[in-house]
Amino acid sequence: MIEGIHPEHPRAESLLIRKKLADGFKDGIVTPEGLCAHGRGEAFDYILGEETTDQALAAIEAAAAALLNADRPILSVNGNTAALVPSEIVELADEVGAGIEVNLFHESTERERKIVKHLEKYGAEDILGVDENYLTEIPGIRSDRRMVDERGISAADVVFVPLEDGDRTKALNKLKKNVVTVDLNPISRTARAADITVVDNIVRALPKIVERSKELSQASPRRMNEILETFDNRSNLSLTLKTMLSRLRKLSRE
Ligand code: PTJ
């Protein structure tokens, strides 16, 4: 039993995820807004049946291929991501040869430092986004997320931005960067503006992206191109919504 969560509780897994975020909040890694954002995500996850859909698996494959194929991939990490999947972020960075950049919506130098320390405990090195000497502004963003590292997001061709707000996704699009996201809400602005959207809980999606990246690292360039050329984010999102609808229909008949 982990601090009051009995393993046989029907919602044990969900409670454990909440606990990670609550601990992250107490440790100064997650913002109060991050807790609200998680609640919104949970609502969509309920509709998905808290399972990775076939559409999410297709997006996971495309995400792995895009990151492996990139010249300069970067993984952008915020408070929620750091609290929920720190070891998987480090593993993914190693697997696809990406840098890690801390980039927050609710900017706070103190929280950035805490996130860096937290990720370092899991083996991350040379984390970007925290040295003021290298920060530069990307156009078209009103939030604090406009400040990015010139060696990281600014120079990247593929940017992984899980649990992101819509403004920056659009701004990164305009800069002709390939944007990959994880977002449980298939109708969020980010989900719709990204090039590859994995509609899944980050705690399920990240280990699967790592696993798929390991498998695809042996794939031929032809196979990689085939994956990337056949993936269509719009139609994948549309199929995801249909999956959600048919689950709701089924539940409504039970
Ligand atoms: O740490 P900061 O300051 O960078 O702030 C992080 C948050 C998440 C607060 C900030 O990025 C934010 O406000 O994001 P939004 O605009 O609320 O978007 C977050 C999206 O992630 C929403 O569409 C949620 O449904 C989704 N989401 C929340 N939790 C999860 C999730 N998607 C996948 N897995 C989750 N666990």
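Let me start with Asp232: at 42% relative accessibility it counts as partly exposed, because that class runs between buried, under 20% relative accessible area, and exposed, over 50%, with a 1.4 Å probe and protein chains only. Before I go on, the ground rules. This is a predicted model, where local features need pLDDT of at least 70, side-chain atom pairs count only at pLDDT 80 or more, and totals for chains, interfaces and linings use all residues. Residues are numbered from 1 along each chain as its sequence is written, and side-chain values use heavy atoms, with hydrogens and water left out.

Back to Asp232. It sits in the loop between α10 (221–230) and α11 (233–253). Helices here are DSSP runs of H or I, at least four residues, and strands are runs of E, at least two, numbered from the N terminus. A polar atom of the Asp232 side chain lies 3.1 Å from the backbone nitrogen of Arg234. From Asp232 to Ala155, 77 residues apart along the chain, the C-alpha separation is 25 Å.

Next, another aspartate. Asp165 is in the loop between β5 (158–160) and α7 (166–174). Buried or exposed? Asp165 is buried, with a relative accessible area of 15%. Leaving aside residues up to four places away in sequence, Asp165 touches Phe105, Arg145 and Thr190. Contact means heavy atoms within 4.5 Å.

Now the pockets. Rolling a probe the size of a water molecule over the atoms shows where empty space is left. On a 1 Å grid over the protein atoms alone, a pocket is an open set of points with protein on both sides within 12 Å along at least five of seven lines, and lining residues have an atom within 4 Å of a point. Volume is the space filled by probe spheres set on the points, joined across faces, edges and corners.

The largest pocket holds about 690 Å³. Its lining has 30 residues, and Asp165 is one of those nearest the centre, with Ala37, Arg40, Leu163 and Glu164. Which element gives the most? α2, with 6 residues. α2 (32–48), α4 (79–84) and α8 (189–193) each supply at least two. By class, the lining has 8 nonpolar, 13 polar and 9 charged residues. Asp, Glu, Lys and Arg count as charged; Ala, Val, Leu, Ile, Met, Phe, Trp, Tyr, Cys and Pro as nonpolar; the others, Gly among them, as polar.

The second largest pocket has about 290 Å³. Of its 15 lining residues, Glu13, Ser14, Ile17, Glu50 and Arg204 are closest to the centre. α1 gives the most, 5 residues.

Technical notes. A polar contact is a pair of N or O atoms within 3.5 Å; within protein, one must be able to donate a hydrogen and the other to accept it, and residues adjacent in sequence count only if both atoms are side-chain atoms. On a 1 Å grid over the protein atoms alone, a cavity is a set of points where a 1.4 Å probe fits but cannot get out, and a pocket is an open set with protein on both sides within 12 Å along at least five of seven lines; lining residues have an atom within 4 Å of a point.
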